[in-house]
Amino acid sequence: MEENNKPVVHLISKPENMLKTIYTAARTCYSADMPINIYNGADDEEKMLKLIERVVGSGHYSVIEHVQVTFAISNVSRACTHQLVRHRHMSFSQKSQRYVKEKGQFDYLIPVTIEQNEELKRKFTEFMGKISDFYTELTEAGIPAEDARAVLPNAASTSIVASLNLREMIHIANLRLCSRAQTEIRTMVKLMCDELIKSEAWLKPYLVPKCERLGFCDEDKSCGRKPKLEL
C-alpha cells in the first residue's frame, strides 16, 4: 500500500493498570481475599502473567473482558469499516455521510490490487471524479446529503472511533491478521495491535493470526504458514 493509502490508527484510551486488572479478576475466582486487596498487593509481573496465561490458555476468557480499549481510526474505506462493524461487543462512532457534506473531490482509497495496475488505477481515479461531479450536481440541486450519499462508493474514505474489550480485540486480531483477510483491514488491525503492544508488550503472543495460537490452519484454503487441520 502507498503511504497515503494506509490507515491512520491511534490508541486513545486504555486502563492504566491493564495487567493488574486482569490478574485481579482471575485471582478473585480462586481466592477468599477481597478483590481490592488482591489488586493492591499485585506487584509481581511474572506471577501475574503466569496466572493470566494459564487462565486464558484454559479458555476462561471472561477475565479479559474487564479491559476496554478505544482507537481513533481514519483514512480507511467504507468497505473496510463495513467489515469492522460486523464484529460483536464493540461500540462505534463514525463520520456520517448524512450530516457531513462532501465538498469537491471526496477522499477515497484505492485497493492495492487496482493500485498495482497503472491503466486500471487511471480509470478508477477518473471514475471517482465522475462520481464526485454527480454528487456535487445532486447537492447543488438541493438534494440533501443523506440522499446524495447514495452514489458514494465503498472506496470513500471515512473515520471511526472504535471501542472494544480485550477479548474481542484478540478475536479480531486472530481473524483479521490471517493472510486470507482483505489487505486493507489486515493492515488496519495490524496497526491497532502495534499501538496496543507499544504499552502492553505482554499482549504480543495473543495479537497474532489464529494459526499462531492454534498451531494449525482451519481455513478452507490455507496459505501454508501452518499445517492444515485434518478432520
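Which residues does Thr 158 touch, not counting residues up to four places away in sequence? Start the tour there. Keep in mind that this is a predicted model.

**Stop 1: Thr 158**

Select Thr 158. You are in strand β4, which covers residues 157-165. Now show what surrounds Thr 158. It touches Ile 73, Ser 74, Asn 75, Val 76, Ser 77, Arg 78, Thr 81, Gln 94 and Lys 95, with residues up to four places away in sequence left out. Is Thr 158 buried or exposed? Its relative accessibility is 1%, so Thr 158 counts as buried, since the cut-off for buried is under 20%.

Thr 158 and Gln 94 are 64 residues apart in sequence. In space, their C-alpha atoms are 7.5 Å apart.

**Stop 2: Gln 97**

Move on to Gln 97. Find it in the loop that runs between β3 (90-94) and α5 (112-115). Gln 97 has 13% relative accessibility, so it counts as buried. Which residues is Gln 97 in contact with, leaving aside its neighbours within four places in sequence? Select Arg 78, Ala 145, Glu 146, Arg 149, Leu 152 and Ala 156 to see them.

**Stop 3**

Now turn to charged pairs. Side chains of opposite charge can pair when their charged atoms come close. How many salt bridges are there? The count comes to 13.

Select Lys 14 and Glu 200. They form a salt bridge, and the closest N and O atoms are 2.7 Å apart. The pair links distant parts of the chain, 186 residues apart. Lys 14 sits in the loop between β1 (8-13) and α1 (18-28). Glu 200 sits in the loop between α9 (183-199) and α10 (210-214). Colour the two by accessibility. Lys 14 is partly exposed, with a relative accessible area of 26%. Glu 200 is buried, at 7%.

**Stop 3: Asp 194 and Lys 190**

Step into helix α9. Both Asp 194 and Lys 190 lie here, 4 residues apart, about one turn of the helix. Their side chains meet in a salt bridge of 2.9 Å, N to O. Asp 194 counts as partly exposed because its relative accessibility is 30%. Lys 190 counts as partly exposed too, at 41%.

**Stop 4: Arg 225 and Glu 212**

Select Arg 225 and Glu 212. A salt bridge joins their side chains, at 3.0 Å from N to O. This pair also links distant parts of the chain: Glu 212 is in helix α10, and Arg 225 is in the segment after α10, 13 residues apart. At 47% relative accessibility, Arg 225 is partly exposed. Glu 212 is partly exposed at 34%.

**Stop 5: a network**

**Stop 6: a negative patch**

Finish on the surface. Select Asp 43, Asp 44, Glu 45 and Glu 46, which gather in a patch of negative charge. Pick out Glu 45. It belongs to helix α3, residues 45-57. Its relative accessibility is 49%, so Glu 45 counts as partly exposed.

Methods
Residues are numbered from 1 along each chain as its sequence is written. This is a predicted model: local features need pLDDT of at least 70, side-chain atom pairs count only at pLDDT 80 or more; totals for chains, interfaces and linings use all residues. Side-chain values use heavy atoms; hydrogens and water are left out. Patches are made of residues with over 30% relative accessible area and no salt bridge: like charges are joined within 9 Å, nonpolar side chains (Val, Leu, Ile, Met, Phe, Trp, Tyr) within 5 Å. Accessible areas come from the Shrake-Rupley method with a 1.4 Å probe; for residues, only the protein chains shown count as cover. A salt bridge is a side-chain nitrogen of Lys or Arg within 4 Å of a carboxyl oxygen of Asp or Glu. Lys and Arg count as positive and Asp and Glu as negative; His and the chain ends are not counted. The place of a charge is taken as NZ of Lys, CZ of Arg, CG of Asp or CD of Glu. Helices (H or I, at least four residues) and strands (E, at least two) are DSSP runs, numbered from the N terminus. Buried means under 20% relative accessible area, exposed over 50%, partly exposed in between (1.4 Å probe, protein chains only). Contact means heavy atoms within 4.5 Å.
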